[in-house]
Amino acid sequence: MSDVAKTLSVEEQANYEKLSNVIDLYSGKEGCLIQVLHAAQEIFGYLPYEVQKYVADNMGFSVSYVSSVSSFYSFFSTTPRTKHEVKVCLGTACYVKGGKLLIEKLQEVLGIGVGEATPDNLFSIHVTRCVGACGLAPVVVVDEEVFKQVKPADIPGILDQYRGE
Ligand code: FES
């Protein structure tokens, strides 16, 4: 384990210890980085820069490579989990039918960018790839619930369903 552990709480040290064991287990195997990042996300809840750097340093990758993999796959999150994750599909059908306008509306209503969380940690905005509902594009997914044929004007109402739960 690197000297990063010296400045961490006991719980964080235990988490890095677990991650170190995972790295030992997967290092050198095919697809190892994805497996390790999955495990890291399980352990830490998300993939902050420090964790990406730890993985890079201990697996012989550059931090920029680990960061690009972390941000490429929609199942990895580089921000803390919020209560509700709002995902806008930007697969071809949704993109053509105005998925980008939905992102703009979300950013306007929530006051945050893609990959960011609201200060109350209630919502975060994400982009996702095709969720298999192309016939009813454009699609927004909140947690596990799929909203179809969404118009920008629908966004405030959709969000209101998740406020004050
Ligand atoms: S492209 Fe959005 S559901 Fe298929």
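The axes used on this tour are lines fitted to C-alpha atoms, for helices over the stretch in contact, and angles between them run from 0 to 180 degrees between N-to-C directions. The structure on screen is a predicted model.

**Whole chain**

Start with the C-alpha trace of the whole chain. Along its principal axes the trace spans about 50 × 35 × 25 Å. The chain has 7 helices and 4 strands. Reading from the N terminus, the order of elements is α-α-α-α-β-α-α-β-β-β-α.

Next, colour residues 3-72 and 84-160 separately. The domain assignment gives these ranges as domain 1 and domain 2. Their C-alpha centres lie 29 Å apart.

Two packed helices are described by the angle between their axes and the distance between the axes.

Select residues 10-26, helix α1, and residues 32-44, helix α2. The two pack at an angle of about 160°, and their axes are 10 Å apart. Angles over 145 degrees count as roughly antiparallel, and α1 and α2 are therefore roughly antiparallel to each other. Their crossing is right-handed.

Which residues of α1 and α2 meet? On α1, show Asn15, Lys18, Leu19, Val22, Ile23 and Tyr26. On α2, show Cys32, Gln35, Val36, Ala39, Ala40, Ile43 and Phe44. By class, this contact of α1 with α2 has 10 nonpolar, 2 polar and 1 charged residues.

Move on to residues 49-59, helix α3, and residues 63-72, helix α4. Here the packing angle is about 125°, and the axes are 8 Å apart. Helices α3 and α4 are therefore oblique to each other. The crossing of α3 and α4 is also described as right-handed. From α3, the contact is made by Gln52, Lys53, Val55 and Ala56, and from α4 by Val63, Val66, Ser67 and Ser70. The residues in this contact of α3 with α4 divide into 4 nonpolar, 3 polar and 1 charged.

Now turn to the strands. Strands of a sheet pair through backbone hydrogen bonds, either parallel or antiparallel.

Select residues 84-89, strand β1, and residues 123-128, strand β2. How many bridges join β1 and β2? There are 6, and the pairing is parallel. To find one of them, pick Glu85, whose bridge partner in β2 is Ser124.

Strands β3 and β4 run antiparallel and are joined by 3 bridges. Pick Val140 to see a bridge to Phe147 in β4.

With the 4 strands shown, read across the open sheet: the order is β2-β1-β3-β4, and the pairing is mixed. From one strand to the next, the twist averages 25°.

**Last stop: a helix across the sheet**

Finally, select residues 99-110, helix α6. This helix lies across β1, β2 and β3. Compare the direction of α6 with that of β1: the helix runs at about 150° to the strand.

Notes
Residues numbered from 1 in each chain as written. Predicted model: local features only at pLDDT ≥ 70, side-chain atom pairs only at ≥ 80, totals over all residues. Parallel < 35°, antiparallel > 145°, perpendicular 65-115°, else oblique. Left-handed = near helix turned anticlockwise from the far one by under 90°. Contact = placed C-beta atoms within 7 Å. Nonpolar A, V, L, I, M, F, W, Y, C, P; charged D, E, K, R; others polar. Domains from an automatic or database assignment. Pairing = 2+ DSSP bridges.
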